[in-house]
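Please open the structure in your viewer and keep the sequence at hand.

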Amino acid sequence: MIIYNVTINVEDSIHDQWLSWIKPHIKEVLNTGNFISAKMTKVIVQEEMDGTNYSIQYTAKSKAYLNNYYNNHAAELQKEGMALFGNKMLAFRTELEIIEEFHA
């Protein structure tokens with residue numbers, strides 16, 4: 001499985017509006033059929049940047065599903081956030097391959 005991680009820094013001036021927008025946005029991403037789950041977390045470590053940092057982790061069954069998302073959905077879904085918030089939100093994306101999971 002693959003985790004598609006989106007880390008986002010949100011300026012305080014748009015925080016509440018962004019928070020209201022992101023939850024339905026996550027559902028839209030899940031509705032593409034390329035991911036089986038998503039987690040939204042707040043990054044606790046203080047960064048040099050102002051604002052609040054979040055990490056949204058989407059789990060895909062395989063790299064093929066993630067590639068399908070990139071090729072058919074990502075640009076359109078990312079465009080909406082940029083139109084609404086512009087440079088007041090900064091996002092970077094990483095891909096993580098799950099090697100093995102451990103549980104207590």
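Is Glu95 buried, partly exposed or exposed? Note at the outset that this is a predicted model. Select Glu95: its relative accessibility is 38%, which places it in the partly exposed class.

The side chains of Lys63 and Glu95 form a salt bridge, with a distance of 2.6 Å from N to O. Lys63 belongs to helix H2 (residues 63-85) and Glu95 to strand E4 (residues 89-97), so this pair ties together parts that are 32 residues apart in sequence. Lys63 is also partly exposed, at a relative accessible area of 35%.

The structure holds two salt bridges. To see the other, select Lys79 and Glu76, whose side chains meet at 3.4 Å, N to O. These two residues are three apart in helix H2, so about one helical turn separates them. Glu76 counts as exposed, with 54% relative accessibility.

Now display the strands. Four of them make an open sheet, ordered E2-E3-E1-E4, with antiparallel pairing. Strand E2 (37-42) and E4 are the edge strands, each pairing on one side only. From one strand to the next, the twist averages 15 degrees.

Select strand E1 (residues 2-10) together with E4: nine bridges join them in the antiparallel sense. Within this pair, Ile2 stands opposite Glu97 in E4.

Finally, show the helices against the sheet. Helix H1 (residues 15-30) packs on the sheet and touches E1, E2, strand E3 (52-60) and E4; the direction of H1 makes about 5 degrees with that of E3. H2 also packs on the sheet, touching E1, E3 and E4, and the direction of H2 makes about 170 degrees with that of E4.

Definitions and conventions. Residues are numbered from 1 along each chain as its sequence is written. This is a predicted model: local features need pLDDT of at least 70, side-chain atom pairs count only at pLDDT 80 or more; totals for chains, interfaces and linings use all residues. Side-chain values use heavy atoms; hydrogens and water are left out. A salt bridge is a side-chain nitrogen of Lys or Arg within 4 Å of a carboxyl oxygen of Asp or Glu. Helices (H or I, at least four residues) and strands (E, at least two) are DSSP runs, numbered from the N terminus. Buried means under 20% relative accessible area, exposed over 50%, partly exposed in between (1.4 Å probe, protein chains only). Two strands pair if DSSP finds at least two bridges between them. Axes are lines fitted to C-alpha atoms, for helices over the stretch in contact, and angles run from 0 to 180 degrees between N-to-C directions. Contact means heavy atoms within 4.5 Å.
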